[in-house]
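The following exercises concern one structural model.

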Amino acid sequence: GKKVQYECGVNKYGCDPRGTEPDVSQAAAAIIGGTDGAATPTPATSEFEAGVVNVLRGGITAIADILQQNQGSERLVVIKFKRTGCMACASSVEPMASAARAWADRADFFEVDYHLSKALCTACGIRVVPCVHLYSNATLVDTMPLGPSAWADFAARVEELAGEPDGEVLAPKVKPKAAEDGNYPFFD
């Protein structure tokens with residue numbers, strides 16, 4: 001297979017932010033009194049629930065804590081980067097929840113909203129959303145797009161890394177684009 005570059009600035013789907021200095025999300029929080037511009041500080045994600053997509057808060061430190069907790073285990077860590085108002089991001093909400101349930105015993109799922117965590121997304125080198133980072137044994141093993149056309153590749157990669165799912169993994173529902181493809185737009 002082709003070698004994928006995970007260095008910051010090389011891949012439009014981002015990189016492992018733990019090598020970037022300083023942790024700009026934490027520095028921003030200290031300067032303005034909150035996380036990424038929030039009026040009140042948001043606690044770091046230190047505890048999370050299996051079988052659901054957890055909201056990742058707390059910047060690079062939170063990612064490092066999660067990965068440290070999973071280091072040495074066989075658990076996969078999946079981090080989805082999204083943006084509020086993004087149709088492609090919204091299309092993967094239910095499929096991602098179904099994936100979290102299906103791999104609950106072998107993977108932990110998180111999401112980061114660009115609007116709430118701009119500094120973290122910058123530190124991760126995210127230039128395109130939706131995208132996803134996959135970590136195995138605390139090492140970034142893949143970054144990839146997560147739109148409707150890329151969902152099958154994502155699900156196959158998670159299966160490759162975490163094994164067969166223990167339930168149904170939904171695919172994104174997409175409205176047809178045009179009548180000339182043989183698909184017809186929805187009418188209300």
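**Exercise 1.** Is Ser98 buried or exposed? Determine also where Ser98 is placed and which residues surround the side chain.

*Solution.* The model is a predicted one.
Step 1. Ser98 belongs to helix α4.
Step 2. The relative accessible area of Ser98 is 2%. The cut-off for a buried residue is under 20%, so Ser98 is buried.
Step 3. Leaving aside residues up to four places away in sequence, Ser98 touches Glu168, Val169 and Leu170.
Step 4. For Leu170 there is also a polar pair: a polar atom of the Ser98 side chain lies 2.8 Å from the backbone nitrogen of Leu170.

**Exercise 2.** Compare the span of helix α6 with the expected value, and state what follows the helix.

*Solution.* 
Step 1. Helix α6 comprises residues 151-162, which is 12 residues.
Step 2. From first C-alpha to last, α6 reaches 16 Å, close to the 16 Å expected at 1.5 Å a residue.
Step 3. Gly163 follows α6 and has a positive phi, near 95°.

**Exercise 3.** Which residues of α6 are buried, and why do they lie on the same side?

*Solution.* 
Step 1. The buried residues of α6 are Trp151, Phe154, Ala155, Arg157, Val158 and Ala162.
Step 2. Because these residues cover an arc of only 160° around the axis, they fall on the same side of α6.
Step 3. In an α-helix there are 3.6 residues a turn, so residues three or four places apart point the same way.
Step 4. Ala152, Asp153 and Glu160, on the other side of α6, are exposed.
Step 5. The buried residues of α6 pack against β2 (76-82), α4 (93-102), β3 (107-113), β4 (131-136) and β5 (139-145).

Terms used. Residues numbered from 1 in each chain as written. Predicted model: local features only at pLDDT ≥ 70, side-chain atom pairs only at ≥ 80, totals over all residues. Heavy atoms only, no water. Helix = DSSP H or I, 4+ residues; strand = E, 2+ residues; numbered from the N terminus. Expected span 1.5 Å × (residues − 1). Buried < 20%, exposed > 50% of the residue type's maximum accessible area, 1.4 Å probe, protein only. Arc of directions from axis to C-beta. Contact = heavy atoms within 4.5 Å. Polar contact = N/O pair within 3.5 Å; in protein donor to acceptor, adjacent residues only side chain to side chain.
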